[in-house]
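Dear colleague,

I am writing to hand over a structure for your attention. Please find it below, together with its sequence.

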2 protein chains.
Amino acid sequence: MPTTYLTQALHRAMRQHPGRLATICGSRRRSYAEFYNRVARLAGGLQQLGMAPGDRVGILALNSDRFLELYFAIWWGGGVVNPVNIRWSTREIAYSLDDCETRILAVDASFAALAADLSECSRCLRTIVYAGDDAARGGMFSYEQLIADHEPVADALRANDDIAGIFYTGGTTGFPKGVMLSHANLHGGAVVALLEGLVHEGDIGLHAAPMFHLADGAFALALFLRGCTQVIVPGFQPERVLEAIQEDRVSAVVLVPTMIQMLVDHPQLAAYRLTSLVRVSYGASPISEALLDRAMQRLPSARFLQCYGQTEMSPIVTVLSPQFHHEARHRGKLRSAGRAALGVEIKIVGADGREVPRGTVGEIAARGPGVMLGYWNRPEQTAAVLRDGWMHTGDGAYMDEEGFVFVVDRVKDMIVSGGENVYSAEVENAIGQHPAVAACAVIGIPDARWGEAVHAVIVCKPGAARITGDDINAYCRAMIAAYKCPRSVEFRDALPLTSTGKVLKTVLREPYWKQQPRRVG
Amino acid sequence: MPTTYLTQALHRAMRQHPGRLATICGSRRRSYAEFYNRVARLAGGLQQLGMAPGDRVGILALNSDRFLELYFAIWWGGGVVNPVNIRWSTREIAYSLDDCETRILAVDASFAALAADLSECSRCLRTIVYAGDDAARGGMFSYEQLIADHEPVADALRANDDIAGIFYTGGTTGFPKGVMLSHANLHGGAVVALLEGLVHEGDIGLHAAPMFHLADGAFALALFLRGCTQVIVPGFQPERVLEAIQEDRVSAVVLVPTMIQMLVDHPQLAAYRLTSLVRVSYGASPISEALLDRAMQRLPSARFLQCYGQTEMSPIVTVLSPQFHHEARHRGKLRSAGRAALGVEIKIVGADGREVPRGTVGEIAARGPGVMLGYWNRPEQTAAVLRDGWMHTGDGAYMDEEGFVFVVDRVKDMIVSGGENVYSAEVENAIGQHPAVAACAVIGIPDARWGEAVHAVIVCKPGAARITGDDINAYCRAMIAAYKCPRSVEFRDALPLTSTGKVLKTVLREPYWKQQPRRVG
């Protein structure tokens, strides 16, 4: 019985406010009725291209209104969304598409060339839909033509535990794995966002963070559930964002602290009228008091809210609500990730899986409607993290007496740079392939702009050719995304090791983090 | 995998605010930690009394903190709640307990005597728990002793589609039937209440409406999810309610319009300090403009919100939000039941099950997380109302262009005369305005020419001038279309009523339809 289905938002909107603006993307404005109609036609087009119930359809594009139409058209037609990380290399993307058995991929102008490469190196990819503004490239189907050529089809009404999306997340153990999220998961995640106040009645939301990320995806779904208008910019560019807030009277936005910093420190900030902006939600890392103070002074109408989460939880796990940003007496909580969001239960567990006392560091385990179905085709990796209904997040943290969670370290040494997760193991694997490298360790070090910067500590092989940090960076760029490549490199004679031979990253990090506590997660 | 479970609210509360007040009942105040501890012990006690996973446990009591503890203890111990309508006769209660196969029943002082009768006439009932303030009556187990004698047990963690409660409803159609609601249903219903703003962060809620009703039950669950404090009075008595609001700084309450009227017209109203009361949600019927105006004047801090629902939907279906009460320009919507609540989809369907045009009367069908699992042990009656995931509510209504729903009648009470639909409520409203009429009910009776003819059953005011059927017909013709006016009238001393005060139209119809079955819908 279909009780929880993501397309419900469109059905409700059609009955209550078909004329309201659904999306604003550049000069393009579409009402909910237009959005609904285009979705139901595009769903027919995708079915015509071979999308059968449960089939994955990839989306590789910058932010646009079409990105949101694709989400709903895929669900409407019975498919499963497979949003692709736009920062990955061709090889990484091809791997994820093949792992996901994705045969249809939608791309925009920015990724049309890459799509041609993908067609060659992907085993599964058969059909490419061109969702750019101009004419479709050779061998691709035109998105707009699919809409024009097809009558609206009936909603396939996949629901509840049916898979709605497979989201690839970077693998510490090597290759990325697909997080399977059901209709109930994604709906539950959007409901958490609503219950925690990321979106209010009448909000105008702005998509500036990348849409392929579920942080923005959950925000989009929450806006749809509330029947709000959504403004879309292709990606985060400070001027575009400031203009959009001013022009379209944006009231709510989801960012990462780096983006907040780029906005509030923008030299032209005072020239924009930004009083409509009342809700700024951010994630990926905490905000510093200094930045928060500047932000509150320069965006006086805005209230700030932090979320911590992970894709496997659809994604919100904890929320630090505005009062802990705006009331000085609560400032002690600002370095925390907040408390379990409404509808989410969390506990901190030791290696034995039992809850540890307050103040003791352990792993964050979470339970609730957002817990993923599992990793696509990876029952062993699923079983390793999903135990008794608890998602074991891999994030190390302690909880205080009031339930606030302080994330202290990624169990597997994740670095958060500009809001992107960088897994040190992946970078180490790339560096380690350089013929001159004997050993290496990758850590995050403080960076005023990106939160953390990727830093490599390298031991060279005796007698090997002399190499520089630039050599290492260039070497990595051929294998992994630019943002994962080390921004700084230091050479040593040896790495500090534990008695069992593991690198002591805490020792490597220590000199860099003397002045401020490090938090990753 | 347990993702949605009603006990989550207690687990979260224990981690975040164990010291906060959970319940205030007379002079008794219990923190969340105490509530949690008592629940986990009582669960052990109920298991000791034989409550196995999925077993129903009845609750027959006035409102109290123990009523709420019982809800959670039954879930915690793996059972299913079976709240009993306190207004039913012993025979009706015994029928519902036996139908539900309820072997354990908790009662308070008000129902201890009735429980003794039940033990005799119920086939299933084995064990009675006495949850009054004084010593347990002979043959009953003491609630407080069960708590004292048992250690806390582990949460049984029934979840998702597991049945959480069986709520008996009906009586107008013969014997009551049990509505099976799952953990996901009841959680979904509480989430709808939160999303629609019945409960806000920091609210102090007051239970004045009867707790056995899911209207109050969903309010309670919403308060628990937000970690609020709940004030409980045994039942609706205006002075007790006014005192509780003043003494405990109550901010949110759920009532029916009659209760609102009794409060705002209370002669001592001005003597109470009621400025803490900011949210008054009401259901069961719309509020008149005259009463709303008085209420807004006399409770100036309160904002009003209407809900329409039914137990089968867990229970909220539509909401008329405060703006439609407080902004004069929206007053045209005040006679409506509002719009589909966030998370609920509704449509108005004709006899063929297809959606009818806006403005056309049909049956309200609803879909969403609250749709019941079905009627307990009644697959045919379940299949009659649950079709393609839609709950067919049996309520007749039309929807306007903005999605507002105007309820006109129960579908089964609709009269079809000469191909025209006649809504009994409309005819009753007309007749009811005649100065000699105390009460009336309008039904359809067989008619060779018109299929059904409009027939009125009238109770006259004592001492009123003698009136005839012709007088009534003439009176109605001044107000409603001729085909809606009663073709026949009978006068009686009283109308047959259910325990909740609804007219038993089945009883009125029965003598007329002995020879032929009546077609409904």
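The following paragraphs set out what was found in the structure.

Please note at the outset that this is a predicted model.

Overall form of chain A

The secondary structure of chain A consists of 16 helices and 27 strands. Along the principal axes, its C-alpha atoms fill a box of roughly 70 × 55 × 50 Å. Chain A has 521 residues, for which a compact globule would have a radius of gyration near 24 Å; the value for chain A is 23 Å, and so agrees with that expectation.

Domains of chain A

Two domains are assigned in chain A: domain 1 covers residues 8–307, and domain 2 covers residues 419–513. The centres of these two domains, taken over C-alpha atoms, are separated by 33 Å. To the contact between them, domain 1 of chain A gives 10 residues and domain 2 of chain A gives 12 residues. On the side of domain 1 of chain A that touches domain 2 of chain A, the classes are four nonpolar, five polar and one charged.

A pair of helices in chain A

Helix α4 (residues 90–100) and helix α5 (residues 112–121), both of chain A, pack with their axes 10 Å apart and at an angle of about 55°. Because of that angle, α4(A) counts as oblique to α5(A). The crossing in which α4(A) passes α5(A) is right-handed. From α4(A), the residues that take part are T90(A), I93(A), A94(A) and L97(A), and they meet L114(A), D117(A), L118(A) and C121(A) of α5(A). Sorted by class, this contact between α4(A) and α5(A) has six nonpolar residues, one polar residue and one charged residue.

The contact between chains A and B

How many residues of chain A are in contact with chain B? There are 25 residues of chain A, and they are in contact with 25 residues of chain B. On the side of chain A, the elements that give two or more residues are α1 (8–16), α7 (183–195) and β16 (339–340). Of the residues on this side, the largest share comes from α1(A), with five residues. By class, the side of chain A that touches chain B divides into 10 nonpolar, eight polar and seven charged residues.

With kind regards

Terms used. Residues are numbered from 1 along each chain as its sequence is written. Chains are lettered from A and ligands numbered from 1 in the order in which they are written. This is a predicted model: local features need pLDDT of at least 70, side-chain atom pairs count only at pLDDT 80 or more; totals for chains, interfaces and linings use all residues. Axes are lines fitted to C-alpha atoms, for helices over the stretch in contact, and angles run from 0 to 180 degrees between N-to-C directions. Helices (H or I, at least four residues) and strands (E, at least two) are DSSP runs, numbered from the N terminus. Angles under 35 degrees count as roughly parallel, over 145 as roughly antiparallel, 65 to 115 as roughly perpendicular and the rest as oblique. A crossing is left-handed if the near helix is turned anticlockwise from the far one by less than a right angle, and right-handed if clockwise. Two residues are in contact if their C-beta atoms, placed from the backbone, lie within 7 Å. Ala, Val, Leu, Ile, Met, Phe, Trp, Tyr, Cys and Pro count as nonpolar, Asp, Glu, Lys and Arg as charged, and the others, Gly among them, as polar. Domain bounds come from an automatic or database domain assignment. The radius of gyration is taken over C-alpha atoms; the globule rule is 2.2 Å times the number of residues to the power 0.38.
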